[in-house]
Amino acid sequence: MIAASEPQEFVPFGRLKIKNHPGTIVPPLNQPFSENFLVQRLSQVNIDNHTENEWWTLRELVVGNGKGKICAEEELYVKDKTAIWSQGTVGLSVANTNSEQPAGRTLACSYTVESTITHALWVNFVKPGEVRMPSICLLDETKVNVYTKDGEDFLSALQFKVNSAWNTKFGLLLERYTTPQVNFSENNLATLFSLLHPLDEMAPLLIMKSGGSLQYMNDPNLKVVFTSEEPSLVVLFDA
């Protein structure tokens, strides 16, 4: 039996920090002041009905080893064009009080991109020599923004509309968006692609069918529902 008293709403740490974030900074253009002011204002206009674009994800963070091991968690908070990465105590967020204390959390970094973020996740890319490169990936409609923990950043253009993104042991897994009614030529295109390193090209995935034949993953009914780095695992669902 589980008993709970005085339950509190979980408020993400990033929601507190986003209040003080300057947001998107428009660089100055070589135009007269009046034109520059108008361009800046028009760039902030959003005709999408879904004005609230906010979500967050958590993952376990283990610090130290042995008796000195501490279990914490990381939070990746996203709102519109900004992502906030923070670390802190497991199960504690901003207290739902007037003081809004951070409850033991610290800000690791914040990122702002040019377009609205559609997917955000932690990914371990692979450098030459099987060296892991822990990174944060922020996807929008046209590109992948990669920020490593060493301070490097990469930009990779998307060749298709992404339906979902997953982290794997060998980099980033991208699922191409497919429409319910497609013609024969579009149905033959691959639906799953991998990105081992931000400077590599996205490569279509192969699947082994019954009989030992290899072919591209081009079945739009096969959807990724879960991935794991350790053990290396991808779970597909036949819709």
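Predicted model: local features only at pLDDT ≥ 70, side-chain atom pairs only at ≥ 80, totals over all residues.
1. Strands here are DSSP runs of at least two residues, numbered from the N terminus. β15 (222–228) and β16 (233–238) each supply at least two residues of a nonpolar patch. Its members are V225, F226, L233, V235 and F237, and together they have about 430 Å² of accessible area on the surface. The largest share, three residues, comes from β16. L233 has its place in strand β16; its relative accessibility is 39%, so it counts as partly exposed.

2. Now for the inside. In soluble globular proteins, nonpolar side chains tend to be buried together. The largest nonpolar core here has 19 residues, and the ones touching the most other members are F125, C137, L139, V144, L172, L174 and M202. Apart from it lies another core, made of twelve residues, including A83, Y111, A120 and L138.

3. L139 deserves a click in your viewer. Which residues is L139 in contact with, once its neighbours within four places in sequence are left aside? The list is T116, I117, T118, H119, L121, V144, V162, A165 and L174.

4. Next, follow strand β2 (residues 70–79). Seven of its ten residues are buried, so β2 is largely enclosed by the rest of the structure. On one pairing, β2 joins strand β1 (residues 54–63) in the antiparallel sense over ten bridges, with W55 standing opposite V78 in β2. β2 also runs antiparallel to strand β3 (residues 82–89), and eight bridges join those two. In that pairing, E73 stands opposite G88 in β3.

5. How many residues lie between β2 and β3 in their hairpin? There are two, and D80 in the turn has a positive phi of about 55 degrees.

6. On to charges. Side chains of opposite charge can pair when their charged atoms come close. The count of salt bridges comes to five. One of them is R15 with E54, whose closest N and O atoms are 3.0 Å apart. R15 lies in helix α1 (residues 13–17) and E54 in strand β1, so this pair ties together parts that are 39 residues apart in sequence. R15, at 26% relative accessibility, counts as partly exposed, and E54, at 25%, also counts as partly exposed.

7. R59 and E74 make another salt bridge, at 2.6 Å from N to O. This pair links distant parts of the chain, with R59 in strand β1 and E74 in strand β2, 15 residues apart.

8. Buried means under 20% relative accessible area. D140 has a relative accessible area of 3%, so it is buried, and K143, at 12% relative accessibility, counts as buried too.

9. Last, a quick look at L206, found in strand β13 (residues 206–208). Leaving aside its neighbours within four places in sequence, L206 is in contact with Q215, Y216 and M217. From L206 to F193 is 9.2 Å, C-alpha to C-alpha, and the two are 13 residues apart in sequence.

Note on methods. Residues numbered from 1 in each chain as written. Heavy atoms only, no water. Buried < 20%, exposed > 50% of the residue type's maximum accessible area, 1.4 Å probe, protein only. Helix = DSSP H or I, 4+ residues; strand = E, 2+ residues; numbered from the N terminus. Pairing = 2+ DSSP bridges. Core = buried A, V, L, I, M, F, W, Y, C linked by side-chain atoms within 4.5 Å. Contact = heavy atoms within 4.5 Å. Patch = residues over 30% accessible without salt bridge, like charges linked within 9 Å, V, L, I, M, F, W, Y side chains within 5 Å. Areas by Shrake-Rupley, 256 points an atom, 1.4 Å probe, with all protein chains shown as cover. Salt bridge = Lys/Arg side-chain N within 4 Å of Asp/Glu carboxyl O.
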